[in-house]
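Trainee: I would like to learn how to read a model of this kind feature by feature, with the general idea before each case. Could you take me through one?

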Amino acid sequence: MVAALTIIFITALTIIAELHPPTKDWLQTTFTHHWIGKSVLALVVFGLLSAMRYFFPNVKPHFGWLSGVALGCAVALFGFFLYEYYF
Amino acid sequence: MTTFLTILLVVHVLFGVIGTMSAYVVWRELLRSQPRQRWLLWNSLSTWVTWLGAWLTGGYYYVVYYGEQVKPVIKAGEYAWAHSVVTEWKEHIFLFLPFLAFVLWLELRSGQLARRQSLVWLSGITWFLSLGVTAAGVLISGAVQ
């Protein structure tokens, strides 16, 4: 669950940053490079969600769902960059 | 490109490839009727640690050199899509991999394979994505040439 939400966050932030230049500029100025910003924020999100998980120890991990999320987000990002380049 | 950056790039590629190989071993081992616990543990740890190394080395190279020196060359050439689609995809999909590998290692560390079927899927997809990232790296290098 934690990794899946982190991957969704990375995907959403990537698409938002491409479509909304002020977000990309914010990442650039705050972290010196937008990609560093995404890396750092992904780690922060993963860390925070992992810490929160301590309060919900009975929640079982869903690795099948994680697989689907990872593949789906990978396909979505590829489609997005393809669309952005050609259209 | 300085000697340091050349070495960094080589180390980045090595880390990535070793991680991809380890990810494949984890997937194949989980497919066995009797997975070997130590083998799973060491290879899942290797996957996670080497991809962390690839993240740091590749990230440094990307931020310090690729953006200023390589990206303009690709975008000015006939393979501009190699950066705009392939590099962009690679640099963001790569961010998934250390988290996927970490989660796998954490679960395999417990020694219990109660959710083995879904772990097979997870390890397989992790390996598949890492193959894609590796292929993207090869393509980008070709586009620069």
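Predicted model: local features only at pLDDT ≥ 70, side-chain atom pairs only at ≥ 80, totals over all residues.

Trainee: Which secondary structure elements does chain A have, and what is the pattern in chain B?

Mentor: Helices (H or I, at least four residues) and strands (E, at least two) are DSSP runs, numbered from the N terminus. Chain A has 4 helices and 0 strands, which run α-α-α-α from the N terminus on. In chain B there are 5 helices and 0 strands, and the pattern along the sequence is α-α-α-α-α. Along its principal axes, the C-alpha trace of chain A spans about 45 × 30 × 15 Å, and the C-alpha atoms of chain B fill a box of roughly 50 × 30 × 20 Å.

Trainee: How are H2(A) and H3(A) placed relative to each other?

Mentor: Axes are lines fitted to C-alpha atoms, for helices over the stretch in contact, and angles run from 0 to 180 degrees between N-to-C directions. Angles under 35 degrees count as roughly parallel, over 145 as roughly antiparallel, 65 to 115 as roughly perpendicular and the rest as oblique. Helix H2 (residues 21-31) and helix H3 (residues 34-53) of chain A pack at an angle of about 85 degrees, with their axes 7 Å apart, and H2(A) and H3(A) are therefore roughly perpendicular to each other.

Trainee: Which residues of H2(A) and H3(A) meet?

Mentor: Contact means heavy atoms within 4.5 Å. From H2(A), Lys24(A), Trp26(A), Leu27(A), Gln28(A) and Phe31(A) take part, and they meet His34(A), Ile36(A), Gly37(A), Lys38(A), Val40(A) and Leu41(A) in H3(A). The residues of this contact divide into 6 nonpolar, 3 polar and 2 charged, where Ala, Val, Leu, Ile, Met, Phe, Trp, Tyr, Cys and Pro count as nonpolar, Asp, Glu, Lys and Arg as charged, and the others, Gly among them, as polar.

Trainee: Is Leu41(A) buried or exposed?

Mentor: Buried means under 20% relative accessible area, exposed over 50%, and partly exposed in between (1.4 Å probe, protein chains only). Leu41(A) is buried, with a relative accessible area of 19%. Leaving aside residues up to four places away in sequence, Leu41(A) touches Phe9(A), Leu13(A), Trp26(A), Leu27(A) and Phe31(A).

Trainee: What is the phi of Thr32(A)?

Mentor: Most residues other than glycine have a negative phi. Thr32(A) has a positive phi of about 70 degrees although it is not a glycine. Thr32(A) is found in the loop between H2 and H3 of chain A and is exposed, with a relative accessible area of 61%. His33(A) also lies in the loop between H2 and H3, but His33(A) is buried at 12%. Not counting residues up to four places away in sequence, His33(A) touches Leu27(A), Gln28(A), Tyr62(B) and Val63(B).

Trainee: How many residues does the contact take from chain B and from chain A?

Mentor: The contact takes 28 residues from chain B and 32 residues from chain A. Buried area is the accessible area (1.4 Å probe) that two parts lose on being put together, summed over both. Chain B and chain A bury about 2700 Å² between them, 83% of it on carbon and sulfur atoms.

Trainee: Where are the salt bridges over all chains?

Mentor: Side chains of opposite charge can pair when their charged atoms come close. A salt bridge is a side-chain nitrogen of Lys or Arg within 4 Å of a carboxyl oxygen of Asp or Glu. The whole structure has 3 salt bridges over all chains, and the count between chain B and chain A is 0. Glu18(A), which counts as buried at 18% relative accessibility, meets Lys24(A) in a salt bridge (2.9 Å, N to O). In chain B, Glu29(B) is buried, with a relative accessible area of 3%, and its side chain meets those of Arg32(B) (3.4 Å, N to O) and Arg36(B) (2.9 Å, N to O). Salt bridges that share partners join Glu29(B), Arg32(B) and Arg36(B) into one network.

Conventions
Residues numbered from 1 in each chain as written. Chains lettered and ligands numbered in written order. Heavy atoms only, no water.
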